[in-house]
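Dear colleague,

I am passing on to you the structure we spoke about, and I would be glad if you could look through it before reading my notes below.

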Amino acid sequence: MITLLQNFRKKIILLFLLLFCIYPFIYAQTISSTELLNNATDYDNKVITYEGEVIGDILKRGNYSWINIDDNNFTIGVWVETSLIKDITFTGNYKTEGDQIEVRGIFHKNCSQHGGDLDIHANEIRIIKKGRIRDFPLQIGKIKFIVILIIILFSQIMILVIKNFLKARLKKQ
Amino acid sequence: MVLKPQIIDLKIIGNYLGRTVIGLGMVMCIPLILALILGEINPAIDFVISLLITFILGIGLVGFCSIDREPRWMHGMIVVALSWLFAMFLGAIPLFLSGHYGSYLDSCFEAMSGFATTGLTLVQDLNHLSYAHNFWRHFIMFIGGQGIVIMALSFLISGSSGAFKMYIGEAREEKILPNVVSTAKVIWIVSLVYLILGSSILTIVGLFEGLPLKSAIFHGICIFMTAFDTGGFSPQSQNILYYHSFYYEIVTIMIMLLGAINFKLHYAILTGNRREIFKNIETVTLFFSIILIFIITSFGLKLNNQYPQVVSFFRKGFYQFISAHTGTGFATIYSEQFRSDWSTLALVGIIIAMSIGGSSCSTTGAIKTIRVGLIFKGLKQNIKRIILPESAVFSDKFHHIKDIILEDKHILSATLMVFLYFGLYFFGALVAMLFGYPFLESLFESTSAAANVGLSCGITKVTMPAVLKITYILQMWIGRLEFTSVFTLFGFILAAIKGK
């Protein structure tokens, strides 16, 4: 009986330890930027997981850096140790698609360290998908349209030149 | 009896309109060159198409409406009103071709927002927009801030007495120099000097805050153009929040304030008359207005204890406030945060600030501080009249570059404009309410559009009704041109229909 009780107590302690360990990762499921912005008070100072494309430039500030992550709705700034982002190769702009990354960190509605910014202080970063250089096939339809427009412009100029020439001739006569 | 406009009227209007359109085509060469330098082929193609369409239209108008007559006031006003509409339709072409806009209406909205220096945006996936297209969004703000017709006046309509009529039509009541073409050139020179200085400072700050050189230069130029012209577009979707930089915010605050000052005052200060800034009715009113309305906004922010720290209070509260008062529309918070975090009182403070704006003959929209100052002076004068004996003779003065005797016509004209602006603000709010938006948010967004500010509390979205998009376009257009030229155009159309 005593052994049974001891076992049960051990299990309870283990359960509590487990709960204690997973508590910070209560929002382990990825949360969208819309959800974060609409319920910022609920997520304030909690550990969250956010996912999206790294866009723009990496703004290095000493040992830390700012990266901006866009999940197709909003872009949120992430404050991260520079050593954690050394594997990021592409950041999104016109010519490139940025790396898709997963960020786990503390969400702040009004970050006291960063002048009230709505941001995430990252503890972990994982690259989900590498970015790439974007393809831009030449738009033949547009080029054909340019040719038509050039023809119209030159015809117009020709008509005006002839019109002015005839006008001047009439005046002379 | 209303007289029907004659063919000759249409020819005069068409001719001057054509010259402005050609001017617009010429400035389209700048993003085209940028696209070629940066190897952005498809954007370059978009600009070639836009440029050709613009030239076809401009040359066609000038060529087929050739006439030697000088324009009258009516012609000047109509040319201005139409120039802005043409600029919107033509300036929207490269934006639409970029593929980053849901419809041509959305790109027209963006173009009008740019030219009118508003800053409300309907762009999609801005973070992947090409440098050339992105530059065009900012550049049209720079052109619009100085005035589309002023641009044409400077280069294409020189020596014409009609120039003055168009200058006035573009909501500029004061000449810096006796000749209006020289005035237009001075406005450009002052702006270009500030552009070089301001962009350099922003580039240095950008480098210091971790931007690579190419980005620092691009962002520096773009942000300067939209800050000085109190526009509010930004190269990235997060607006100024993208930089996460206190210094960038400080510099932009200074540029926004410079943009909100009268060009005539800039010229006075640059030519040595530095005391003018402390005496001028506009700067004095702006100073007091900033203090008083910020107190209201601060109380509003304190109500729900937003931004408890001094730094965050400054970077979020004061920054949005100055951005609103100068009519810029830069933001360091998300538009949704206005609704979720800011109290009603704080939002009312921002709405009042937006509705007043900056100085006349500056790049700001809205009522403008000189009118507010004049109305207060008029109120003071009326109280004096009641208190003093009826036989007492007195006159009041106000200082604007020189001492001017305050007359009833000044007060009347200022009051009329205030009423017209209030009407415009409430008209947009009413339309938004018809679509189910709450009153305060509708008024916020409408004031932002009509006062050419650009701050949004979340109504301006790609998904908003087309009627509301058109309403905001009209508000931006009418608000930027300060009614007269647009009303003249409406009168002209009415005369064409009903006249004999």
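**Two helices of chain B**

In chain B, the residues B:Phe246, B:Glu249, B:Ile253 and B:Met256 of α11(B) meet B:Arg315, B:Tyr319, B:Ile322 and B:Ser323 of α15(B). By residue type, this contact of α11(B) with α15(B) divides into 5 nonpolar, 1 polar and 2 charged residues. Please keep in mind while reading that this is a predicted model.

Helix α11 of chain B covers residues 246–259 and helix α15 of chain B covers residues 310–325, and the two pack with their axes 10 Å apart, at an angle of about 25°. Because angles under 35 degrees count as roughly parallel, α11(B) and α15(B) are described as roughly parallel to each other. The crossing that α11(B) and α15(B) make is left-handed.

**Where the chains meet**

Between the two chains, 39 residues of chain B are in contact with 39 residues of chain A. On the side of chain B that touches chain A, at least two residues each are supplied by α3 (41–64), α15 and α16 (335–341) of chain B, and it is α3(B) that gives the largest share, with 12 residues. Sorted by type, the residues on this side of chain B divide into 19 nonpolar, 15 polar and 5 charged.

**A hairpin in chain B**

Further along chain B, strand β1 (residues 397–400) and strand β2 (residues 402–405) run antiparallel and are joined by 4 bridges. One of the pairings to look for is that of B:His400, whose bridge partner in β2(B) is B:Lys402. Together β1(B) and β2(B) form a hairpin with 1 residue between them, and B:Ile401, which lies in the turn, has a positive phi of about 70°.

**Chain A as a whole**

Turning to chain A, you will find 4 helices and 8 strands, which follow one another along the sequence in the pattern α-β-α-α-β-β-β-β-β-β-β-α. Chain A has 173 residues, of which 28% count as buried. If one takes the contacts in chain A between residues at least 6 apart in sequence, 56% of them join residues at least 24 apart.

With kind regards

Conventions
Residues are numbered from 1 along each chain as its sequence is written. Chains are lettered from A and ligands numbered from 1 in the order in which they are written. This is a predicted model: local features need pLDDT of at least 70, side-chain atom pairs count only at pLDDT 80 or more; totals for chains, interfaces and linings use all residues. Two strands pair if DSSP finds at least two bridges between them. A residue is buried if 20 or more other C-beta atoms lie within 10 Å of its own, exposed if 12 or fewer, and partly exposed in between; C-beta atoms are placed from the backbone. Two residues are in contact if their C-beta atoms, placed from the backbone, lie within 7 Å. Axes are lines fitted to C-alpha atoms, for helices over the stretch in contact, and angles run from 0 to 180 degrees between N-to-C directions. Angles under 35 degrees count as roughly parallel, over 145 as roughly antiparallel, 65 to 115 as roughly perpendicular and the rest as oblique. A crossing is left-handed if the near helix is turned anticlockwise from the far one by less than a right angle, and right-handed if clockwise. Ala, Val, Leu, Ile, Met, Phe, Trp, Tyr, Cys and Pro count as nonpolar, Asp, Glu, Lys and Arg as charged, and the others, Gly among them, as polar.
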